[in-house]
Amino acid sequence: MKREPKKVQWTRAEAPQKAGRYVVAIEHECGLGAYDFSAWSPLEGWEIKDQSGKIVAFIDFDDVAELLPYAWEDQE
C-alpha cells in the first residue's frame with residue numbers, strides 16, 4: 001500500500017503546545033546550528049538541556065517518521 005506523504009514544516013517557536021517527541025533545530029551562541037531529538041512535556045520542558053544554545057524550531061517526530069520507508073519492506 002502506497003502512502004501519500006505529508007508536508008512537513010518547521011514550527012518556529014521555543015516549545016510546542018502538546019507533549020511529544022520532536023526533531024529540534026538548535027541555534028548555538030557561536031552562530032552554528034544543529035539538529036537533535038528531544039521529548040517535551042508541559043511539566044518538565046525539553047528533555048535535552050543544551051547550555052550553549054537554544055531550541056528555535058521543531059517538527060513532531062511522528063510526522064517525520066511517516067516520511068521514512070518501512071524498515072521491514074523490501075527496498076529493491
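**A serine and the sheet around it**

Let's begin with one side chain: that of Ser38 reaches the backbone nitrogen of Ile48 at 3.0 Å. This is a polar contact, meaning a pair of N or O atoms within 3.5 Å; within protein, one atom must be able to donate a hydrogen and the other to accept it, and residues adjacent in sequence count only if both atoms are side-chain atoms. Before going further, please keep in mind that this is a predicted model, in which local features need pLDDT of at least 70, side-chain atom pairs count only at pLDDT 80 or more, and totals for chains, interfaces and linings use all residues. Residues are numbered from 1 along each chain as its sequence is written, and side-chain values use heavy atoms, with hydrogens and water left out.

Where does Ser38 sit? Ser38 belongs to strand β2; strands (E, at least two residues) and helices (H or I, at least four) are DSSP runs, numbered from the N terminus. With a relative accessible area of 0%, Ser38 is buried. For this and the other labels of the kind, buried means under 20% relative accessible area, exposed over 50%, and partly exposed in between, using a 1.4 Å probe and protein chains only. Leaving aside residues up to four places away in sequence, Ser38 touches Gly20, Arg21, Tyr22, Val24, Trp46, Glu47 and Ile48, where a contact means heavy atoms within 4.5 Å.

Now step back to the sheet. Its 4 strands follow the order β3-β2-β1-β4, and they form an open sheet with antiparallel pairing. Strands β3 (45-46) and β4 (53-60) are at the edges with a single partner strand each, so one side of each has no neighbour in the sheet. Two strands count as paired if DSSP finds at least two bridges between them.

Strand β1 (residues 20-28) and strand β2 (residues 33-41) run antiparallel and are joined by 8 bridges. Along this pair you can find Arg21 opposite Ala39 in β2, and Ile26 opposite Ala34 in β2. The two strands make a hairpin with 4 residues between them, and Gly31 in the turn has a positive phi of about 100°. Next come β2 and β3, antiparallel again and joined by 2 bridges. Finally, β1 pairs with β4 in the antiparallel sense over 7 bridges, with Val23 opposite Ile59 in β4.

Side chains of opposite charge can pair when their charged atoms come close. How many salt bridges does a search of the whole structure find? The search finds 3, a salt bridge being a side-chain nitrogen of Lys or Arg within 4 Å of a carboxyl oxygen of Asp or Glu.

One of them joins Glu14 to Lys54, with the closest N and O atoms 3.6 Å apart. This pair links distant parts of the chain, since Glu14 is in the segment before β1 and Lys54 in strand β4, 40 residues apart. Glu14 is exposed, at 53% relative accessible area, while Lys54 is partly exposed at 43%.

Another salt bridge brings Asp60 together with Lys18, and the closest N and O atoms are 3.6 Å apart. Again distant parts of the chain are linked: Asp60 lies in strand β4 and Lys18 in the segment before β1, 42 residues apart. Asp60 counts as buried, at 16% relative accessibility, whereas Lys18 counts as exposed, at 52%.

In a further salt bridge, the side chains of Arg21 and Asp62 meet at 2.7 Å, N to O. Arg21 is in strand β1 and Asp62 in helix α1 (residues 61-65), so this pair ties together parts that are 41 residues apart in sequence. Both ends are partly exposed, Arg21 with a relative accessible area of 43% and Asp62 with 40%.

One last stop is Gln17, found in the segment before β1. Gln17 is exposed, with 81% relative accessibility. Gln17 and Pro42 are 25 residues apart in sequence, and their C-alpha atoms are 7.8 Å apart in space.
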